Amino acid sequence: MFDKLYYIFHSSVKSGFGHAERASFLLSASVLFYSYSLYFVLVVLTKSRVFNTTAFYILFGAFGVGIIYGASKYFVGTGRYRRIIDKYESPRLLIKGKRFLYRFISFGLFLGAFVAFIASGITLAKYLNPW
Amino acid sequence: MDTWSTAAGVVAGAFESGSAIGTAQSLRSISFSTAKTGLKVTKGLGTVGLVLSGLVATHEVVTGQDNTHTWVDVGVTALGIGAVAVIGTAALPAVAVIGLGYGIWSAAGGSDWIDSNWGYRKPK
C-alpha cells in the first residue's frame, strides 16, 4: 500500500533535482500530520490528559523527525523508489488523465493532513480550554 | 514555556527561510556536490521547521494560548513546504521571500492583528 502511495506522490511531484527525496518528504509530512491529528482526536475521545512537559515535547518532535527520516531512508536511501517505479510504470509514460488523478489524490492527501491537524487541534483546544 | 514557544517559532521560521535562500544560492552554481549538500541542508532544516511548527501549535493548544494565528502559521508552513516539495527548487526564492516576510510581519504584530479580527478567543 505504501509503495503505491509513494508512486502516486512520485508521479505528482514535478521532475527535477531531488525528485525522489521531495516525493518521500511530501508523503511522510502527510503521514506525520495525520498521526498528530489522530493523537489529538484520541485524547478528546478517551478524555485523557495531555502532558505539558519537556519530555513530552521531545518525544513529540522525535516522532516527527523519525517519520520523515525513516521514510527517506526507506524509499530513497535503500533505492526502493527505483524498484517501485519498475514495478508500476515510469511516471513519464502516464496518460494525462491518470496523472491528473494522481495529482488530485496526492495534493488532496497532503492538504487534508493539515486540514485534519487544524480541525483536530481546534477540537482539542476547545476540550482543554473551552471558550 | 512561553519563551520556549516563541523561540521555537522564530527558529522554525528562520530555518525555513534560511534554508530556502541557501539552497537557491547553491543550486545556481554549477557544482553538483554543492547542490547536493544544499538539498541535504534543506531537507534537514525543512524537517526541523515542519516538526517545530507542529510542536509550537501543540504547545499553544495545551497551554491555552492558541488562537486563529496558530492555525494560520500552520497553514503558511504547509503551503510553503508543499510548494517547494511539489514544484522543486524553482519555488525556493518565492517561498523564502514570502516565508521571511510573513515571519517578520507576524512577529511585528501581525499575529495579534489576526487574533483581534478573526480570533476565536479573546486576545490576552
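1. Helices (H or I, at least four residues) and strands (E, at least two) are DSSP runs, numbered from the N terminus. The expected span of a helix is 1.5 Å times one less than its number of residues. Helix H2 of chain A, residues 19-46, has 28 residues and should therefore span 40 Å; its end C-alpha atoms lie 41 Å apart, which agrees. Lys47(A) comes after H2(A) and has a positive phi, near 55°.

2. This is a predicted model, in which local features need pLDDT of at least 70 and side-chain atom pairs count only at pLDDT 80 or more, while totals for chains, interfaces and linings use all residues. Residues are numbered from 1 along each chain as its sequence is written, and chains are lettered from A and ligands numbered from 1 in the order in which they are written.

3. Chain A has 5 helices and 0 strands. Its C-alpha trace spans about 50 × 30 × 25 Å along the principal axes. Taking two residues as in contact if their C-beta atoms, placed from the backbone, lie within 7 Å, 81% of the chain A contacts between residues at least 6 apart in sequence join residues at least 24 apart.

4. Helix H1 (residues 2-12) and helix H5 (residues 96-128) of chain A pack at about 110°, with axes 8 Å apart. Axes here are lines fitted to C-alpha atoms, for helices over the stretch in contact, and angles run from 0 to 180 degrees between N-to-C directions. H1(A) is therefore roughly perpendicular to H5(A) (65 to 115 degrees; under 35 is roughly parallel, over 145 roughly antiparallel, the rest oblique). From H1(A), Ile8(A), Phe9(A), Ser11(A) and Ser12(A) take part, meeting residues of H5(A) that include Tyr102(A), Ile105(A) and Phe107(A).

5. Of the 131 residues of chain A, 31% count as buried (20 or more other C-beta atoms within 10 Å of the residue's own; exposed is 12 or fewer, partly exposed in between; C-beta atoms are placed from the backbone). A nonpolar core is a set of buried Ala, Val, Leu, Ile, Met, Phe, Trp, Tyr and Cys residues joined through C-beta atoms within 7 Å. The largest one has 45 residues, and Phe9(A) and Phe33(A) are among those touching the most other members. Helices of chain B, namely H2 (32-63), H3 (68-87) and H4 (92-118), each supply at least two residues of this core, as do H1, H2, H3 and H5 of chain A. Beyond its neighbours within four places in sequence, Phe9(A) contacts Ala23(A), Leu26(A), Leu27(A) and Ser106(A).

6. The contact between the chains takes 30 residues from chain A and 30 residues from chain B. On the chain A side, H5(A) gives the most, with 8 residues.
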